[in-house]
Amino acid sequence: MENVDADSLLGLLKLILDFGGRVQIGELAKSLHLTLDELYHVLNTAENLGAVKMEGNLVALTRRGLELLRMNFGDLHHLVKLRAEELL
């Protein structure tokens, strides 16, 4: 898994929430000013954490994603780091 920081993950989740909890991948890439390849790494991390569900070209925020948005930033950072180490 590509190394993704908690800031990127949190930004992605907040943006999906701003779009009403469901958005097309292309819209996310444009809004975050990322290439699709860069976005893929953040989406992959979010999906591995159970924060989003990808269905075709759509990304939907899950109940777990809402829980992560409410987490303390330090705890979220630790969770992302642990998950990345598990997948290496």
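What follows is a chat about a predicted model of a protein chain.

Reader: Let's start with the whole thing. What elements make up the secondary structure of the protein chain?

Author: The protein chain has 5 helices and 3 strands. Reading from the N terminus, they come in the order α-β-α-α-β-β-α-α.

Reader: Why is the chain called as compact as a globular protein of that length?

Author: The globule rule gives 12 Å for 88 residues, and the radius of gyration of the protein chain is 12 Å, close to that value, so the chain is as compact as a globular protein of that length. If you'd like dimensions as well, the C-alpha trace spans about 30 × 25 × 20 Å along its principal axes.

Reader: How much of the chain is buried, and how much accessible surface does it have?

Author: Of the 88 residues, 34% are buried. The accessible surface comes to about 5,200 Å², and carbon and sulfur atoms account for 50% of that. As for contacts between residues at least 6 apart in sequence, 59% of them join residues at least 24 apart.

Reader: What makes L9 a buried residue?

Author: Buried means under 20% relative accessible area. L9 has 0% relative accessibility, so L9 counts as buried. You'll find L9 in helix α1. Leaving out neighbours within four places in sequence, L9 is in contact with V4, V42, A46, L49, L76 and V80. L9 and G65 are 56 residues apart in sequence, with their C-alpha atoms 9.9 Å apart in space.

Reader: And L13, why is that one called buried?

Author: The cut-off is under 20%, and L13 has a relative accessible area of 0%, so L13 is buried. L13 is in helix α1 too. Apart from neighbours within four places in sequence, L13 is in contact with A51, V52, L61, G65, L68 and L69. The C-alpha atoms of L13 and A60 are separated by 9.5 Å, although these residues are 47 apart along the chain.

Reader: L15 has 15% relative accessibility, so why does L15 count as buried?

Author: The limit is under 20%, and 15% falls below it, so L15 counts as buried. L15 has its place in helix α1, and L15 touches L28, S31 and L32, not counting residues up to four places away in sequence. L15 and L61 are 46 residues apart in sequence and 9.9 Å apart in space, C-alpha to C-alpha.

Reader: How do you know that F73 is partly exposed?

Author: Buried is under 20% and exposed is over 50%, with partly exposed in between. F73 has a relative accessible area of 38%, so F73 is partly exposed. F73 lies in helix α5 (residues 73-87). Beyond neighbours within four places in sequence, F73 is in contact with A6, D7 and L10. F73 and L34 are 39 residues apart along the chain, and their C-alpha atoms are separated by 23 Å.

Reader: Last one: what makes H33 an exposed residue?

Author: Exposed means over 50%, and H33 has a relative accessible area of 71%, so H33 is exposed. H33 is in the loop between α2 and α3. H33 also has a positive phi of about 55 degrees, although it is not a glycine.

Key: Residues are numbered from 1 along each chain as its sequence is written. This is a predicted model: local features need pLDDT of at least 70, side-chain atom pairs count only at pLDDT 80 or more; totals for chains, interfaces and linings use all residues. Side-chain values use heavy atoms; hydrogens and water are left out. Helices (H or I, at least four residues) and strands (E, at least two) are DSSP runs, numbered from the N terminus. The radius of gyration is taken over C-alpha atoms; the globule rule is 2.2 Å times the number of residues to the power 0.38. Buried means under 20% relative accessible area, exposed over 50%, partly exposed in between (1.4 Å probe, protein chains only). Contact means heavy atoms within 4.5 Å. Accessible areas come from the Shrake-Rupley method with a 1.4 Å probe; for residues, only the protein chains shown count as cover.
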